[in-house]
Amino acid sequence: MLFTPLDLRAVTLPNRIAVSPMCQYSARDGHPDEWHLVHLGSRAVGGAGLVLTEATAVQAVGRISPEDTGLWDDAHVASWRPIVDFIHARGAVAGVQLAHAGRKASTYAPFASRSGGVADADGGWTPVAPSAEAFHESYRTPVELDVEGIAGVVADFAAAARRAVEAGFRVVEVHAAHGYLLHEFLSPLSNHRADAYGGSLENRTRLAREVTAAVREAVGEDVPVFVRISATDWVEGGWTPEDSVVLARDLADAGADLIDVSTGGNVPAADIPVGPGYQVPFAETVRRKADVPTGAVGMITDARQAEQLLADGSADLVLLGRASLRDPYWPLHAARQLGVQVNPPQQYARAL
């Protein structure tokens, strides 16, 4: 199963192993550079079927940190193209995760000497969000988006998606998880609006549906569209797995081809029972109840573990985060562990 191709629209992933989006906090003015080429390119050399970029901002104010990558400007296309070309030359598929950090924007990189919100004097900015409530007391207080601002977010997701296709990306993922802007609209813990984008489940999911539909139209019929969601806030009164099933159906109707199922991130204090494959049951629930393809992520580290969750029908795709950071060649090692014949790069064939 792990090394079975996956057909999605006009794209065929050579296997079911994807590199999960992981922020590098190493870009300049949104432009990726040699670091991103080596980081993402090495995972393609290592045998991943799909290599997804880090959360790539659709607006400058939507960056998590000042060092995030972006596609909010036409100039970013040329910076991404050689990275995309290298990934494709290695036989993998290049995908981009389009994102807006919402109230979690304008923060320091996790390895910086400081934490929390970045001041204007240090290159920071005022974030935007569904409601004017900070994620944490150390973060900056956001400005509540008005309807015109919301329309601008939808338009900028679509514009970034068009740039992604121009850069050569073959998969586009919408980031609607981990407490970033679209997740903030989804959850009653962060959305306290009283207009058409707040209150009922239908209203709170409106922005995610509009963005997905806009991205689908922007990329055309051949490009697969993924949406990453947090299936639960892990907090009573927050977003629930049941809500996620409803949302997944609606996103599929809006043009999504696969739901990338993660959890959490919307509130700073949540009791999360972290353990091997702890998020896999949520991917299985969404897949079974919403009848849509899903991706599973979260402490998936062993080849047999990954193979089994696919065989069980929990998901259609396995996304690796930390495991891929630790071992860029995880897929090649997994093939050997499972006794599957693959074609490694000729430069490495004698070692494998």
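User: Hello! What is the relative accessibility of Arg114?

Analyst: Happy to start there: buried means under 20% relative accessible area, exposed over 50% and partly exposed in between (1.4 Å probe, protein chains only). Arg114 counts as partly exposed because its relative accessibility is 45%.

User: What kind of model is this, and from what number are the residues of each chain counted?

Analyst: This is a predicted model, in which local features need pLDDT of at least 70 and side-chain atom pairs count only at pLDDT 80 or more, while totals for chains, interfaces and linings use all residues. Side-chain values use heavy atoms, with hydrogens and water left out, and numbering follows each chain as its sequence is written, from 1.

User: With which residue does Arg114 meet in a salt bridge?

Analyst: A salt bridge here is a side-chain nitrogen of Lys or Arg within 4 Å of a carboxyl oxygen of Asp or Glu. The N to O distance is 3.2 Å, and the partner is Asp122.

User: How many residues separate Glu221 from Arg9, another salt-bridged pair?

Analyst: These side chains meet at 3.0 Å, N to O. Glu221 sits in the loop between helix 6 (206-219) and strand 9 (225-230), and Arg9 in the loop between strand 1 (6-8) and strand 2 (11-13), a separation of 212 residues.

User: How far from buried Arg103 is the nearest side chain of opposite charge?

Analyst: Arg103 is in the loop between strand 5 (93-99) and strand 6 (128-129). The Arg103 side chain does reach the backbone oxygen of Asn266 at 3.0 Å. It has no salt bridge, though, and the nearest opposite charge, on Glu184, is at 4.4 Å.

User: Which helices and strands do the buried residues of helix 8 pack against?

Analyst: Helix 8 spans residues 280-290, and its buried residues are Val280, Phe282, Ala283, Thr285, Val286 and Ala290. With contact meaning heavy atoms within 4.5 Å, these residues pack against helix 7 (241-254), strand 10 (258-262), strand 11 (294-297) and helix 9 (303-311).

User: In what order do the eight strands close into a barrel?

Analyst: Two strands pair if DSSP finds at least two bridges between them. Strand 3 (residues 17-19) and strand 4 (residues 50-57) run parallel and are joined by two bridges. The pairing in the barrel is parallel, and the order is 3-4-5-8-9-10-11-12.

User: Which residue of strand 4 is the bridge partner of Ala18?

Analyst: Strand 4 covers residues 50-57. The partner of Ala18 there is Leu50.

Definitions and conventions
Helix = DSSP H or I, 4+ residues; strand = E, 2+ residues; numbered from the N terminus. Lys, Arg positive; Asp, Glu negative; His and termini not counted. Polar contact = N/O pair within 3.5 Å; in protein donor to acceptor, adjacent residues only side chain to side chain.
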